[in-house]
Amino acid sequence: ARDTGAYLKSHLEPLAIRYFRVFNSVRGEGTFLAFDCTSAELRTELLQLMRMEGVNMGGSGDVAVRFRPMLTLTKAHVNIFITRFESVLNKLYQKHWPR
C-alpha cells in the first residue's frame, strides 16, 4: 500500500500544478490520500463526474476529497484512475475556463 500510494501521489502532485484552478494541497500517506478543491461547487461537480467515470471518491469537510481505496489497489488501478481523473479535469477546465 505504501508503494502504490507513493505512486498515486507522484501522479497527483503534477496534476495539482497543471490544474491548479480545480485542486491543490495533495497530502497523506500510503493510499490514504486527500486533496482540496478550490470550491465546494467544483468539488461536487468533480465527484459527480468521477462517479460517471465509474470512480467512487468521497468528500470531506467543505472542499476536501479523500481516497480510501481497498488495500488491493495496484499501480494498474492507479493508471486507470489517473486517466479518468485527468479526463474529468479537462472537462472541468473546458467548461469553466474555455480557451
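Leaving out neighbours within four places in sequence, Glu 86 is in contact with Leu 15, Arg 18 and Tyr 19. The model is predicted. Glu 86 is found in helix H3. Glu 86 has a relative accessible area of 22%, so this residue counts as partly exposed. The cut-off for buried is under 20%. A polar contact of 3.4 Å joins the side chain of Glu 86 to that of Tyr 19. Along the chain, Glu 86 and Tyr 19 are 67 residues apart.

Confidence in the prediction was examined next. The protein averages a pLDDT of 96. A score of at least 70 is reached by 100% of the residues. Among the elements, helix H2 (residues 40–52) has the highest mean pLDDT, 98. Strand E3 (residues 58–60) has the lowest, 95. Where pLDDT is low, predicted coordinates should not be read in detail.

Val 78 also belongs to helix H3. With a relative accessible area of 2%, Val 78 is buried. Not counting residues up to four places away in sequence, Val 78 touches Thr 4, Tyr 7, Leu 8 and Leu 73. Val 78 and Tyr 7 lie 71 residues apart along the chain. Their C-alpha atoms are separated by 7.8 Å. The charged end of Lys 75 sits over the ring of Tyr 7, 5.2 Å from the ring centre.

Helix H1 (residues 2–18) holds Pro 14. Pro 14 has 45% relative accessibility and therefore counts as partly exposed. Pro 14 is 58 residues from Thr 72 in sequence. In space the two residues are 24 Å apart, C-alpha to C-alpha.

Aromatic rings were then compared. A pair of aromatic rings is described by the distance of the centres and the angle of the planes. The structure holds 8 aromatic pairs. One of them is formed by Phe 35 and Phe 67. This pair is tilted, at 5.9 Å centre to centre and 55° between the planes. The pair links distant parts of the chain, 32 residues apart. Phe 35 lies in strand E2 (residues 32–37). Phe 67 lies in the loop between strand E4 (64–66) and helix H3 (75–96). Phe 35 is at 0% relative accessibility, so Phe 35 counts as buried. Phe 67 is at 7%, so Phe 67 counts as buried as well.

Phe 35 also pairs with Phe 85. This pair is tilted, with 5.7 Å between the centres and 45° between the planes. Phe 35 lies in strand E2 and Phe 85 in helix H3, so the pair ties together parts that are 50 residues apart in sequence. Both Phe 35 and Phe 85 are buried. Phe 23, Phe 35, Phe 67, Phe 81 and Phe 85 form one aromatic cluster.

The buried residues of H2 are Leu 42, Arg 43, Glu 45, Leu 46, Leu 47, Leu 49 and Met 50. These buried residues pack against E2, E3, E4 and H3. Gly 54 follows H2. The phi of Gly 54 is positive, near 90°.

Glu 45 gives a detailed view of helix H2. Its relative accessible area is 16%. Buried means under 20%, so Glu 45 is buried. Leaving aside neighbours within four places in sequence, Glu 45 is in contact with Leu 92, Lys 95 and His 96. One of these contacts is polar. The side chains of Glu 45 and Lys 95 are joined by a polar contact of 2.8 Å.

Conventions. Residues are numbered from 1 along each chain as its sequence is written. This is a predicted model: local features need pLDDT of at least 70, side-chain atom pairs count only at pLDDT 80 or more; totals for chains, interfaces and linings use all residues. Side-chain values use heavy atoms; hydrogens and water are left out. Rings of Phe, Tyr and Trp (its six-membered ring) pair if their centres lie within 6.5 Å; planes under 30 degrees apart count as stacked, over 60 as edge-to-face and the rest as tilted. Helices (H or I, at least four residues) and strands (E, at least two) are DSSP runs, numbered from the N terminus. Buried means under 20% relative accessible area, exposed over 50%, partly exposed in between (1.4 Å probe, protein chains only). A charge sits over a ring if NZ of Lys or CZ of Arg is within 6 Å of the ring centre and within 35 degrees of the ring normal. pLDDT is the predictor's confidence in each residue, from 0 to 100. A polar contact is a pair of N or O atoms within 3.5 Å; within protein, one must be able to donate a hydrogen and the other to accept it, and residues adjacent in sequence count only if both atoms are side-chain atoms. Contact means heavy atoms within 4.5 Å.
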